Amino acid sequence: MIDCSIYERIFKRFDEDGDGKLSPSELRRCFVGWMEREGEERKMEELREAFRMYEMEGSGCITAKSLKRMLSRLGESRSVEECGVMIGQFDVNGDGVLSFDEFKLMML
């Protein structure tokens, strides 16, 4: 036997005015919400890919040295000290490196 309660809950969530029907505007809002969430997921994956480019291999953080290395690849010449200052501007917890959450704050 199929449990239909989940379908009923989903329907009620979409049926904002509670009239037992899904109007075009109610459906439109649902699909817009899904598309926005999908866009956010895509944006987060792109940020993760960018973060992996800057982080020290497998360390899970961006160090002054790894930032210098990536900037050099991009044609920017910076010292390790300058990179440390750049990291310090977004290093929320003060540990001297950028975690993904700190990188995300910097990029958004």
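Predicted model: local features only at pLDDT ≥ 70, side-chain atom pairs only at ≥ 80, totals over all residues.
Local features need pLDDT of at least 70, side-chain atom pairs count only at pLDDT 80 or more, totals for chains, interfaces and linings use all residues, and side-chain values use heavy atoms, with hydrogens and water left out.

**Stop 1: the largest pocket**

Select Y54, L67, M86, F103 and M106, which lie nearest the centre of the largest pocket, among its 13 lining residues. (On a 1 Å grid over the protein atoms alone, a pocket is an open set of points where a 1.4 Å probe fits, with protein on both sides within 12 Å along at least five of seven lines; lining residues have an atom within 4 Å of a point.) Its space comes to about 200 Å³, counted as what is filled by probe spheres set on the points, which are joined across faces, edges and corners.

Now colour α2 (24–54), α3 (64–73), α4 (80–88) and α5 (100–107), the elements that give two or more residues to this lining. Helices here are DSSP runs of H or I with at least four residues, and strands are runs of E with at least two, numbered from the N terminus. With three residues, α5 gives the most.

The lining has twelve nonpolar residues, one polar and no charged. (Ala, Val, Leu, Ile, Met, Phe, Trp, Tyr, Cys and Pro count as nonpolar; Asp, Glu, Lys and Arg as charged; the others, Gly among them, as polar.)

**Stop 2: the second largest pocket**

Move to R13, F14, R29, C30 and R37, nearest the centre of a pocket lined by ten residues. Its volume is about 160 Å³. The largest share of the lining, six residues, comes from α2, and α1 (5–14) also supplies at least two.

**Stop 3: α3 against α4**

Show α3 and α4, whose axes come within 8 Å and cross at roughly 110°. (Axes are lines fitted to C-alpha atoms, for helices over the stretch in contact, and angles run from 0 to 180 degrees between N-to-C directions.) That makes the α3 and α4 pair roughly perpendicular, a label for 65 to 115 degrees.

For the contact (heavy atoms within 4.5 Å), select A64, L67, K68 and L71 of α3 with V80, C83, G84, M86 and I87 of α4.

**Stop 4: the annotated spans**

Finally, UniProt, in an unreviewed entry, places "domain: EF-hand" at residues 2–37, 42–77 and 78–108. Residues 42–77 are 64% helix and 0% strand, with end C-alpha atoms 31 Å apart. For residues 78–108, the values are 55% helix, 0% strand and 23 Å.

Methods. Residues numbered from 1 in each chain as written. UniProt positions renumbered as here; feature names shortened; annotations may be inferred. Parallel < 35°, antiparallel > 145°, perpendicular 65-115°, else oblique.
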